[in-house]
Amino acid sequence: MRVMLVTDSLFAGEPGRGATTTVKAIADRLIDLGHEVRFLAPAPGLTKYKTSDVVRLNALTKPGRQVNEAITFWNPDAVLVVTPGRLGRKALKHSKVMGIPTVAIEQHAVSDSELDYWRSKVAHRSDLLLVTSGWMAERLAQ
């Protein structure tokens, strides 16, 4: 299976950060199981992680076209977004339009003021939504 892992963190340049740790753990497991993995992350940073390419997006231009091109070019079987920020939300949007299954993993609390926006841009664009705490799951269920 071809899986694109999308992160708004710099990935592999920020040891100890929650999103980076999660992305590495997921990637390591997928690679160990024989899946093809490609990363989509902001520049600067590594362009390779183990056997996988890391596609770096130019932070000075809008991410929409870059994300669309990266997903279209690689044509993954699934797109997995960890802690969706600006880049992750674009990946969810373009993947949904292309009919590519998506998974979003949210590791941070979503504030009351952001909840409606987050639901429309993340939760409703994800085929599967995973949260990393029980209280977050309860809050979203409400």
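User: What share of the 142 residues of the protein chain counts as buried, and what makes a residue buried?

Analyst: A residue is called buried when its relative accessible area is under 20%, exposed when that area is over 50%, and partly exposed in between, judged with a 1.4 Å probe and with protein chains only; by that rule, 46% of the 142 residues of the protein chain count as buried. This is a predicted model, in which local features need pLDDT of at least 70 and side-chain atom pairs count only at pLDDT 80 or more, whereas totals for chains, interfaces and linings use all residues. Residues are numbered from 1 along each chain as its sequence is written, and side-chain values use heavy atoms, with hydrogens and water left out.

User: Why is A59 called exposed?

Analyst: A59, which lies in the loop between β4 and α2 (63-74), has a relative accessibility of 59%, and therefore it counts as exposed.

User: How do you know what size to expect of a compact globule with 142 residues?

Analyst: The radius of gyration is taken over C-alpha atoms, and the globule rule is 2.2 Å times the number of residues to the power 0.38. For 142 residues a compact globule would have a value near 14 Å, and the protein chain has 14 Å, so the two agree. Along its principal axes, the C-alpha trace spans about 40 × 30 × 30 Å.

User: What makes a stretch a helix or a strand, and how many of each does the protein chain have?

Analyst: Helices are DSSP runs of H or I with at least four residues, and strands are runs of E with at least two, numbered from the N terminus; the protein chain has five helices and seven strands. Read along the sequence, they follow the pattern β-α-β-β-β-α-β-α-β-α-β-α.

User: How do you know which strands pair, and in which sense?

Analyst: Two strands pair if DSSP finds at least two bridges between them. Strand β1 (residues 2-7) and β2 have five bridges and pair in the parallel sense, with L5 bridging to F39 in β2. β2 also pairs in the parallel sense with strand β4 (residues 52-57), over four bridges, whereas β3 and β4 pair in the antiparallel sense over two bridges.

User: Why do β3 and β7 stand at the edges of the sheet?

Analyst: Seven strands form an open sheet of mixed pairing, in the order β3-β4-β2-β1-β5-β6-β7. β3 (48-49) and β7 each have a single partner strand, so one side of each is left without a neighbour in the sheet.

User: Where on helix α5 do its buried residues lie?

Analyst: In α5 (residues 134-141) the buried residues are M136, R139 and L140. The arc, drawn by the directions from the helix axis to the C-beta atoms, is only 95 degrees for these residues, which puts them on the same side of α5. Taking contact to mean heavy atoms within 4.5 Å, they pack against β6 (102-106), α4 (115-121) and β7 (128-131). The face turned away from this buried side carries the exposed residues E138 and A141.
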